[in-house]
Amino acid sequence: MKAVIYNGPRDVRVVDVADPQIEQPTDVLVKITSTNICGSDLHMYEGRTDIECGRVLGHENLGEVVEIGRAVYRIKVGDKVCLPFNIGCGFCRNCEKGLTGACLTVAPGQAGAAYGFADMGPFQGGQAQYLRVPFGDFNCLKLPEDAAEKEDDYVMLADIFPTGWHATRLANLMPGDSIAIYGAGPVGLMAAYSAMIQGARQVIVVDRHKDRLKLAEQIGAIAVNDAEHDPVEQIMELTNGRGTDKGCECVGWQCHDHGGQEIPNLTMNNLVKTTRATGQIGVVGVFVPQDPKSPDDLMKRGQIAFDMGNFFFKGLRMGSGQANVKAYNRELRDLIHADRAKPSFLVSHRLPLEQAPDAYKNFDNRIDGWTKVILKPNE
Ligand SMILES: NC(=O)c1ccc[n+]([C@@H]2O[C@H](COP(=O)([O-])OP(=O)(O)OC[C@H]3O[C@@H](n4cnc5c(N)ncnc54)[C@H](O)[C@@H]3O)[C@@H](O)[C@H]2O)c1
Ligand SMILES: [Zn+2]
Ligand SMILES: [Zn+2]
């Protein structure tokens, strides 16, 4: 089959690889019809992780079941399914509690596993014609009869819609709250969208890319362009000097100033400044235990100079981590089915798999208008 592999920094290739097989009786095989490129892929693409050459990338996958193992009970050949980016077993102590982003079974010795991802187990990704899904009964989200018609929406259930939602839940967003979201990439836009759905009274989104900020405004958020003026001052002005009730980090450790210089503690310390005393912060932008290539000495060891004094004095609370996709994907699917959510508003490109190398390059350079790419491996 054809697949997108990592071949070194800023080098992905479409090559022929062996078709995946049913390896365990609980596996299912899915023919992939939509698979997104994610901001998380860019950390790997830029050579900032230790993903090995030859690995198939892709963790935002949707398709049709073409084969099932003999112990698969619920899922049938022909089902249209969306696959959470994190792979869970369904029976470990974390999965049982809905914390499927920290499954203890699938990648033994660590908490959490994912398709085509650095440090998340040995699994191949779905930017390919076919994908092997472990524990298929648990991991497949079945899609309703409008699966094909709303495929652009449903494929966002693999990661960014639940992840944006998770950011707001980590921040304990309540109806009527104000919330500031750093980052207007796909994850930040989904956090803003989730906050609107949950009845936030004021949603502020910070970025410097005008095309992304425009999408934030389209869904009713207030855009703050940090290239024009200090984002902290802008947020304080918008909140009468009090700061927002809640805040979300949707950028990660490669956050930078608008000139492009990486400052790994920038968004975290801005959040401490712009969240009102006793407020809550949700961090879904990825921070890593080490990045030897970071220009920042602390970050080489996975650390940042965090404004702990103000965090404590303000009595702030914080939650972080991978989204537990399965904790939300069923309900978010039902919102899409009922026409109450349309997360595909941020999709900019639908491309054949062969165009993945160019798509990676353009998305990585945040070229104007490249907000979210869906690859179509079987068209
Ligand atoms: N926790 C999870 O489960 C999970 C899931 C998916 C993605 N992620 C992570 O979320 C992050 C965002 O993903 P994405 O797909 O939206 O990526 P993206 O890279 O497309 O978007 C990031 C945005 O942040 C902006 N930005 C950079 N520095 C900034 C700053 N100082 N202030 C404000 N904005 C700034 C960039 O301009 C860009 O638009 C990544 O770190 C990704 O790995 C986490
Ligand atoms: Zn993703
Ligand atoms: Zn588990």
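Analyst: To begin with Asp339, this residue counts as exposed because it has 10 C-beta neighbours inside 10 Å; a residue is exposed at 12 or fewer such neighbours, buried at 20 or more and partly exposed in between, with C-beta atoms placed from the backbone. The model is predicted, so local features need pLDDT of at least 70 and side-chain atom pairs count only at pLDDT 80 or more, while totals for chains, interfaces and linings use all residues. Residues are numbered from 1 along each chain as its sequence is written, with chains lettered from A and ligands numbered from 1 in the order in which they are written.

User: Where is Asp339 found?
Analyst: Asp339 sits in the loop between α12 and β14 (349–352), where helices (H or I, at least four residues) and strands (E, at least two) are DSSP runs numbered from the N terminus. Its phi is near 60 degrees, a positive value in a residue other than glycine. Most residues other than glycine have a negative phi.

User: And Asp119, buried or partly exposed?
Analyst: Asp119 counts as partly exposed because it has 14 C-beta neighbours inside 10 Å. Asp119 lies in the loop between α2 (93–96) and β6 (130–133), and its phi is likewise positive, near 60 degrees.

User: Switching to ligand 1, which residues come nearest?
Analyst: Of the 33 residues around ligand 1, those that come nearest are Gly39, Ser40, Gly183, Gly185 and Gly252, a residue being near if its C-beta atom, placed from the backbone, lies within 6 Å.

User: Which element gives the most to that shell?
Analyst: That is α1, with four residues; the elements that each supply at least two are α1 (39–45), α6 (186–197), β9 (202–207) and α9 (266–274).

User: What about the domains?
Analyst: The assignment, which is automatic or from a database, gives domain 1 (2–159 + 324–376) and domain 2 (160–320), and the shell around ligand 1 draws at least three residues from each of them. Taken over C-alpha atoms, the centres of domain 1 and domain 2 are separated by 25 Å. The contact, which counts residue pairs with C-beta atoms within 7 Å, takes 22 residues from domain 1 and 23 residues from domain 2. On the side of domain 1 that touches domain 2, α1 gives the most, with three residues.

User: Last one, which residues of α9 are buried?
Analyst: The buried residues of α9 are Thr267, Met268, Asn270, Leu271, Val272 and Thr274, and what covers them includes β8 (178–182), α8 (231–238), β11 (244–249), β12 (275–283) and α11 (308–313).

Definitions and conventions. Contact = placed C-beta atoms within 7 Å.
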